[in-house]
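User: I'd like to talk through the charged side chains in this one. Can you take me through them step by step?

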Amino acid sequence: MPVSFRELLAELGKDGAVAERLNVDRELVKSMRRRDSVAPEYWSALETAAADAGICVDASDFARWRANKARVRREERSAA
């Protein structure tokens with residue numbers, strides 16, 4: 001099971017295939033991968049695409065990944 005947006009997007013395939021599944025531009029998918037972040041407005045489509053691919057994730061996973069990333073950023077800033 002993926003533990004980040006980047007891992008989930010990798011499991012869903014190449015940028016073009018993921019873009020088609022999410023009905024977004026390929027460049028947006030590249031940006032999502034690079035940032036390891038997906039805006040909540042795309043979560044429903046991402047959850048559906050994952051389910052179609054046999055990957056069991058949902059919005060609670062996405063929220064946890066987002067919160068973990070924010071926590072790491074805060075820790076990095078406070079350590080600097």
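Analyst: One definition before we start: helices here are DSSP runs of H or I with at least four residues, numbered from the N terminus. Please also keep in mind that this is a predicted model.

User: Fine. How many salt bridges does the count come to?

Analyst: The count comes to four salt bridges, and one of them joins Glu75 to Arg71, with the closest N and O atoms 3.2 Å apart. Both Glu75 and Arg71 belong to helix α5, where they are four residues apart, about one turn of the helix.

User: What about Arg33, which residue does it form a salt bridge with?

Analyst: Arg33 pairs with Asp15, and their closest N and O atoms are 2.4 Å apart. This pair links distant parts of the chain, since Arg33 sits in helix α3 (residues 26-35) and Asp15 in helix α2 (residues 15-22), 18 residues apart.

User: Is Arg33 buried or exposed?

Analyst: Arg33 is buried, and Asp15 is buried as well.

User: Switching topic: which residues form the positive surface patch?

Analyst: The positive surface patch consists of Arg66, Arg73, Arg74 and Arg77. Of these, Arg66 is found in helix α5, which covers residues 59-79, and with a relative accessibility of 40% Arg66 counts as partly exposed.

Technical notes:
Residues numbered from 1 in each chain as written. Predicted model: local features only at pLDDT ≥ 70, side-chain atom pairs only at ≥ 80, totals over all residues. Heavy atoms only, no water. Patch = residues over 30% accessible without salt bridge, like charges linked within 9 Å, V, L, I, M, F, W, Y side chains within 5 Å. Areas by Shrake-Rupley, 256 points an atom, 1.4 Å probe, with all protein chains shown as cover. Salt bridge = Lys/Arg side-chain N within 4 Å of Asp/Glu carboxyl O. Lys, Arg positive; Asp, Glu negative; His and termini not counted. Charge placed at Lys NZ, Arg CZ, Asp CG, Glu CD. Helix = DSSP H or I, 4+ residues; strand = E, 2+ residues; numbered from the N terminus. Buried < 20%, exposed > 50% of the residue type's maximum accessible area, 1.4 Å probe, protein only.
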